[in-house]
Amino acid sequence: MRKISLVSIMLLVALVGSVNAQSSEKYQALFIYNFTRYIEWPSANSSEFTIGVLGKSSVYNELITIAEGRKVGAQTIKVKKFASAAEINNCHIVFISSDASSQIAALSSSAPGKNTLIITERYGLISKGAGINFIEEDGKQKFQMSRSNLQKTGLKVNNQLVSLATVVD
């Protein structure tokens, strides 16, 4: 696993504890970027680290801004927008917006063994195959995590990230 700095951990803890609903898309994008520091993808052979956004969400625009000039390891971050799960291929992370949540079954059935982290934002989607699901509790942005769904995709999660999540399995 990559060495994780204390500053990164403190930033993520601060985000978990202080996000309000009005800026959830911005914080979701920050969370998604920071997840790349705590998760290990075994298929890191390409020159690009691809983050896909399925559906209509301003998370896409926020990710474009955050990704500019940044890397995951040695890989340049590429953010792509998709209208349907059938279009998605070779993404490291796929964020499924709430308006496209009905497409999770199509995506999660093809995800095992592909090293793709599926992130959602609607309650109940962990049981449908999401590895991480954003939730709001007491006006704060938080996230649920399914260790078993992440293991099925071959991803290794740092225990420090697990400790910040609500683990649901």
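Reader: At what angle do helix 2 and helix 3 pack, and how far apart are their axes?
Author: Helix 2 and helix 3 (residues 59–67) pack with their axes 8 Å apart, at an angle of about 50°. Axes are lines fitted to C-alpha atoms, for helices over the stretch in contact, and angles run from 0 to 180 degrees between N-to-C directions. Angles under 35 degrees count as roughly parallel, over 145 as roughly antiparallel, 65 to 115 as roughly perpendicular and the rest as oblique. Helix 2 is therefore oblique to helix 3.

Reader: What kind of model is this, and how are residues numbered?
Author: Residues are numbered from 1 along each chain as its sequence is written, and side-chain values use heavy atoms, with hydrogens and water left out. Local features need pLDDT of at least 70, side-chain atom pairs count only at pLDDT 80 or more, and totals for chains, interfaces and linings use all residues, since this is a predicted model.

Reader: Is the crossing of helix 2 and helix 3 left-handed or right-handed?
Author: A crossing is left-handed if the near helix is turned anticlockwise from the far one by less than a right angle, and right-handed if clockwise. For helix 2 and helix 3 the crossing is right-handed.

Reader: Which residues of helix 3 make the contact with helix 2?
Author: Contact means heavy atoms within 4.5 Å. Helix 2 contributes Glu-25, Lys-26, Gln-28, Ala-29, Leu-30, Ile-32 and Tyr-33. From helix 3 come Val-59, Glu-62, Leu-63 and Ile-66.

Reader: Is Glu-62 buried, exposed or partly exposed?
Author: Glu-62 lies in helix 3 and, leaving aside neighbours within four places in sequence, is in contact with Glu-25, Lys-26 and Ala-29. The C-alpha atoms of Glu-62 and Lys-26 are separated by 5.8 Å. Buried means under 20% relative accessible area, exposed over 50%, and partly exposed in between (1.4 Å probe, protein chains only). Glu-62 has 26% relative accessibility, so Glu-62 counts as partly exposed.

Reader: How many helices and strands does the protein chain have?
Author: Helices (H or I, at least four residues) and strands (E, at least two) are DSSP runs, numbered from the N terminus. Of the 169 residues of the protein chain, 47% count as buried. The chain has six helices and ten strands.

Reader: Where is Phe-82, and is Phe-82 buried or exposed?
Author: Phe-82 is in strand 4 (residues 75–82). Its contacts beyond four places in sequence are Gly-52, Val-53, Leu-54, Gly-55, Glu-87, Ile-88 and Cys-91. Gly-55 is 27 residues away along the chain, with a C-alpha separation of 6.4 Å from Phe-82. Because its relative accessibility is 10%, Phe-82 counts as buried.

Reader: How far apart are the C-alpha atoms of Gln-75 and Phe-49?
Author: Gln-75 is also placed in strand 4 and counts as buried, at 7% relative accessibility. Along the chain, Gln-75 and Phe-49 are 26 residues apart. Their C-alpha atoms are separated by 5.5 Å.

Reader: Is Asn-90 buried or exposed?
Author: Asn-90 lies in the loop between strand 4 and strand 5 (93–96). Phi of Asn-90 is near 60°, a positive value in a residue other than glycine. The relative accessible area of Asn-90 is 63%, so this residue is exposed.

Reader: What is phi of Asp-138 near?
Author: Asp-138 is found in the loop between strand 7 (132–137) and strand 8 (140–145). At 77% relative accessibility, Asp-138 counts as exposed. Its phi is positive, in a residue other than glycine, and near 55°.

Reader: Which residues does Ala-165 touch, not counting those up to four places away in sequence?
Author: Ala-165 is in the loop between helix 6 (159–164) and strand 10 (166–167). With a relative accessible area of 15%, Ala-165 is buried. The residues that Ala-165 touches are Phe-143 and Met-145.
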